[in-house]
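Subject: Structure handover

Hello,

Here is the structure we talked about handing over. Please open it next to this message and follow along.

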Amino acid sequence: VGPMILDNEPVYIPMATTEGCLVASTQRGAKAISEGGGAVSIVVKDGITRAPAMLLPTAMAAAQLKLWVEDEANWPAIEAAFNSTTNFGKIKSVSVAVA
């Protein structure tokens, strides 16, 4: 989609979809933004979100895991396990949801 004026520069926005209507709608929005003078941006937090999913045998087991992860005493073990999987990224926080 684009070009769209962002921070006084023309940019193209890649989209991976098979919905032609979504692309057309986004293109109209990009055109409106550009014709209105463009948009400005600022980075307030830089990071990557990873959302591993775990299937546990019961809701009780899921709740117990949630409590374990949220216990600050377990942070060193969580940090060591996650950071051992990459030389580039480091875990900074964990947010747990039970669904």
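Is aspartate 7 buried, partly exposed or exposed? Its relative accessibility is 34%, so aspartate 7 counts as partly exposed. Please keep in mind throughout that this is a predicted model.

Start with aspartate 7, which sits in the loop between strand 1 and strand 2. Its phi is positive, about 55 degrees, although the residue is not a glycine. Asparagine 8 lies in the loop between strand 1 and strand 2 as well. Phi of asparagine 8 is also positive, near 65 degrees, and this residue is not glycine either. With 69% relative accessibility, asparagine 8 counts as exposed, because the cut-off for that class is over 50%.

There is a further backbone point. The peptide bond from glycine 2 to proline 3 is cis. Its omega is near 5 degrees. Proline 3 belongs to the segment before strand 1, which spans 4-6. For background, most residues other than glycine have a negative phi, and most peptide bonds are trans.

**The loop between strand 2 and helix 1**

Strand 2 covers 9-11 and helix 1 covers 20-35. Isoleucine 13 is placed in the loop between them. Its relative accessible area is 31%, so isoleucine 13 is partly exposed.

For a sense of distance, take threonine 18 and threonine 86. They are 68 residues apart along the chain. Their C-alpha atoms are separated by 33 Å.

How many salt bridges does a search of the whole structure find? The search finds one. It joins the side chains of glutamate 70 and lysine 66, at 2.4 Å from N to O. Both residues lie in helix 2. They are four residues apart, about one turn of the helix. Side chains of opposite charge can pair when their charged atoms come close. Glutamate 70 has 44% relative accessibility and so counts as partly exposed. Lysine 66 is partly exposed too, with a relative accessible area of 23%.

**From helix 2 to helix 3**

Helix 2 runs over 59-70 and helix 3 over 75-83. Asparagine 74 is found in the loop between the two. Buried or exposed? Asparagine 74 is buried, since its relative accessible area is 15% and buried means under 20%. A polar atom of the asparagine 74 side chain lies 2.8 Å from the backbone oxygen of tryptophan 68.

**Helix 3**

Asparagine 83 is placed in helix 3. Its relative accessible area is 18%, so asparagine 83 is buried. What does asparagine 83 touch, leaving aside neighbours within four places in sequence? It is in contact with Gly89, Lys90 and Ile91.

Phenylalanine 82 is found in helix 3 as well. At 43% relative accessibility, phenylalanine 82 counts as partly exposed. Beyond its neighbours within four places in sequence, phenylalanine 82 is in contact with Pro52 and Ile91. Ile91 is therefore on the contact lists of both asparagine 83 and phenylalanine 82, where contact means heavy atoms within 4.5 Å.

**After helix 3**

Valine 94 is found in the segment after helix 3. It is partly exposed, with a relative accessible area of 37%. Which residues does valine 94 contact, apart from neighbours within four places in sequence? They are Val69, Trp75 and Ile78. The C-alpha atoms of valine 94 and tryptophan 68 are separated by 12 Å. Along the chain, these two are 26 residues apart.

Best wishes

How values were computed
Residues are numbered from 1 along each chain as its sequence is written. This is a predicted model: local features need pLDDT of at least 70, side-chain atom pairs count only at pLDDT 80 or more; totals for chains, interfaces and linings use all residues. Side-chain values use heavy atoms; hydrogens and water are left out. Buried means under 20% relative accessible area, exposed over 50%, partly exposed in between (1.4 Å probe, protein chains only). A polar contact is a pair of N or O atoms within 3.5 Å; within protein, one must be able to donate a hydrogen and the other to accept it, and residues adjacent in sequence count only if both atoms are side-chain atoms. A salt bridge is a side-chain nitrogen of Lys or Arg within 4 Å of a carboxyl oxygen of Asp or Glu.
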